[in-house]
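This report describes selected features of one protein structure. Please keep the sequence and the three-dimensional view at hand while reading.

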Amino acid sequence: MKKLLLSIITIVAAGASVVAADRRLSAEEAEAFRFADGLLRKMTLQEKIGQLQQFRAYTSDVTGPDGEPRNIDAAIRNGEVGSLIAGCQPQHNHRLQRIAVEESRLGIPLILGCDIIHGCRITFPENLAMSCSWDIQAIEQSARIAAEESVASGLNWTFSPMCDISADPRWGRVSEGAGEDPYLGSKIAVAMVRGYQGDDLSSDKTIAACVKHFAAYGAPQAGREYHTVDMSEMMFRDRYLPPYAAAVKAGAATVMTSFNDLMGVPASGNRWLLYDVLREELGFRGFVVSDYTSIHEMVAHGVVADGKEAAELSLNAHLNMDMVSGDYLVYTEKLVREGKVSEKLINQLCREVLAVKYRLGLFDDPFKYGSQNQEEAYFRPENLAVARKLAAESMVLLKNEDALPVAEGTKIALIGPFADSQGDQLGSWIAAGDAKRSITFRKALEERYGAENILYAKGCEAERAIEGGVDEAVKIASQADIVLVSMGLPGWHSGEASARSDISVPAVQQELLDALKTTGRKIVVLLSTGRAMDIRNEVAKADAVLVTWHGGTMAGPAVADIISGDKNPSGHLTLTFPHSVGQVPIHYNAKNTGRPSRNPYKPAANYTSTYIDIPNVPLFPFGYGLSYTQFEYSDLKVLTPEVKIGGTVKVSVKVKNAGERDGDDVAQLYVRDLVAETTRPVRELKGFERLSLKAGEERVLTFEIPTSELAYCHRDNTVREDAGEFKVWVGEDSNASLEGEFALKK
Ligand code: NOJ
């Protein structure tokens, strides 16, 4: 107790802007802060400011206006840099680290970060795709593998997980998140933090995670990149905050701000967000980095006149580190001298950075990252097997009319711009992913079915015709028994700065599909994408539709596994596929309105909440996904019809694999709070379980939901659960029909 009190007093003494005294430091954190305090006493103000500045190393990607070109070596030597956005080259990273450690006055090591979003050398499926596996363990494993490959690359920090909930497939960055649901998003965020950081940040197998983009970056107006985010605090707390909060609670060492403004204040200058919510409420103890030049971008936002005012706003908002803009380095000393920023605050911001470096073990051995044998660490066969498993589990079967699986010996025409594209299957943010290591659909299907059974033609480019391409494709298709068409969007259409107003498949590919249809062969569409799309046309024309996403290095073998039936499809959508772009943003957990539609399947002009030209229902709802077998859900039992607040709701259900193949399913539990102080969604996911059942096997699942999961934001913006009645459903998607009831009691 004495020890705890001492550490609290230390924090309070260290700065004006302090962590609330009622939260406990772990022994490891306390030690790190003690170390930082000792070091701070030796540092000049300029050296402290240097720790708050991050620049881009020569080897990293440029993803925004970079400002003045800098001599990075000299800046490190002068103690003007605390961190670099680095590449995955261990020699380069060691060279830069050596300058920091051996040539700067105090030898403080750099923290070297990189966008390891879905894999480092091995590329896993894009994050949205991985979330469709609902396989929390495998997702954690993917992050662990990414961490190990990053360590070998000389990195100690990843800018991941991206915890931005989004229901807008126009936004290119939906590919980087876990979809539209805060409950699932929270589970995945926690798994990724665990995967990257393990139990020990100082181990030579782990790296620091960075929760981003704080906050609500996934709700830009009209889906346009970097656009305004404006929502009620209630909406923010109910739908957007939970995954960030869960990741912070799981111990994420760092957080990144978002580019957007939120309720009128840019995130990078938003003290309510960065201090009151993040530190006071969520108990965050690590450091916050801005997004790329987002501090200086507050000038364009129009809340500050120049870089100096931008630095002042961000520092006082408790933003520790400036990514790339340089405003901290240029203006902080002046701001301190003018009394606009206190030196106490600089001490606090700096000690939070130093403490993370200490916890990583950088002061013990700054070169342990990148000293591994890269040959041994990269592309390990057992890790490629995880990538293959996750790619297969991510794929979502949306339609199948007697087309899949495809038996051995069948002649397959494989057509389309992505069937043999090593680069596109990796998607966006591929760090040190290597397209040459990608195994394409073509290669893997040739291996699985024999090269003589795979007839390949590209047909067209993603957005451009190839002369004679369609004719060749049709000719090949006519010689085959079945046609697989790999169509959709290229890898670079996902990710940052890739917003699209049109979310349908480019016209030239649709023309290819029409031409192939004339052959009368069965057609299977393999949809390559990093977002949900309007695929009405493809669904109408194809016999089967499998969403293959940008499935990463092992996408090809995974597709072959599913097409052949070696693996039964088990992915379930985590982002609603809209009927058309006009419904966007559309998500299953919407509210009811005062005039709900009487028939959401039909357009209507009857003074209810409908469209007059399209239905309310999407093309495919959240949670949807088919299999080659059939799962039957029955006997839903609410085991606790009345539960005291603070207790646990228990619901059981019987699941049977009623088909003839073994398979995996994702059982999903949804609730509705029937009468509440504020309007509640018509359904909310509150439990799920991925399960494997042999043909004919049945199992009883029991879901346990702590009542705290039923908390929601009240009119006074506090989040708590109250007494009242709930409905509960369990099934294979968000339209599950098996239902029950329970009540929470005081
Ligand atoms: C900008 C992106 O928004 C962010 O996600 C990324 O981590 C940084 N650039 C660094 O590359």
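Predicted model: local features only at pLDDT ≥ 70, side-chain atom pairs only at ≥ 80, totals over all residues.

A pair of residues illustrates the arrangement: L526 stands opposite L546, which belongs to strand 16.

Another open sheet consists of 3 strands in the order 5-6-9, and its pairing is parallel. Why is one side of strand 5 and of strand 9 left without a neighbour in the sheet? Strand 5 (210–214) and strand 9 (287–289) stand at the edges and have a single partner strand each, so one side of each remains without a neighbour there.

Strand 6 (residues 254–257) pairs with strand 9 in the parallel sense, and 3 bridges connect the two. Within this pairing, V255 has V288 in strand 9 as its bridge partner. A helix also belongs to the picture: helix 9 (residues 233–249) packs on the sheet and touches strand 5 and strand 6. The direction of helix 9 makes about 155 degrees with that of strand 5.

## Antiparallel strand pairs

Strand 19 (residues 648–657) takes part in two of the pairings described here. With strand 17 (residues 631–638), strand 19 pairs in the antiparallel sense over 6 bridges. In this pairing, V638 stands opposite V651 of strand 19.

Strand 19 is also paired with strand 22 (residues 698–706), again in the antiparallel sense, over 9 bridges. Here K650 stands opposite E704, a residue of strand 22.

## The surroundings of the ligand

Which residues come nearest to the ligand? Of the 13 residues around it, these are D115, R173, K212, H213 and D291. By class, the shell around the ligand comprises 6 nonpolar, 2 polar and 5 charged residues.

Several side chains bring polar atoms to oxygen atoms of the ligand. In D115, an N or O atom of the side chain is 2.5 Å from an oxygen atom of the ligand. For R173, a polar side-chain atom lies 2.6 Å from a ligand oxygen atom. In H213, an N or O atom of the side chain is likewise 2.6 Å from an oxygen atom of the ligand. On its own, the ligand has 300 Å² of accessible area, and the protein covers 99% of this area.

## A loop residue: S203

S203 is located in the loop between helix 8 (182–197) and strand 5. A polar atom of the S203 side chain lies 2.9 Å from the backbone nitrogen of K205. When its neighbours within four places in sequence are left aside, S203 is in contact with K368 and Y369.

Methods:
Residues numbered from 1 in each chain as written. Heavy atoms only, no water. Near = heavy atom within 4 Å. Polar contact = N/O pair within 3.5 Å; in protein donor to acceptor, adjacent residues only side chain to side chain. Areas by Shrake-Rupley, 256 points an atom, 1.4 Å probe, with all protein chains shown as cover. Nonpolar A, V, L, I, M, F, W, Y, C, P; charged D, E, K, R; others polar. Pairing = 2+ DSSP bridges. Helix = DSSP H or I, 4+ residues; strand = E, 2+ residues; numbered from the N terminus. Contact = heavy atoms within 4.5 Å. Axes fitted to C-alpha atoms, helices over the stretch in contact; angles between N-to-C directions.
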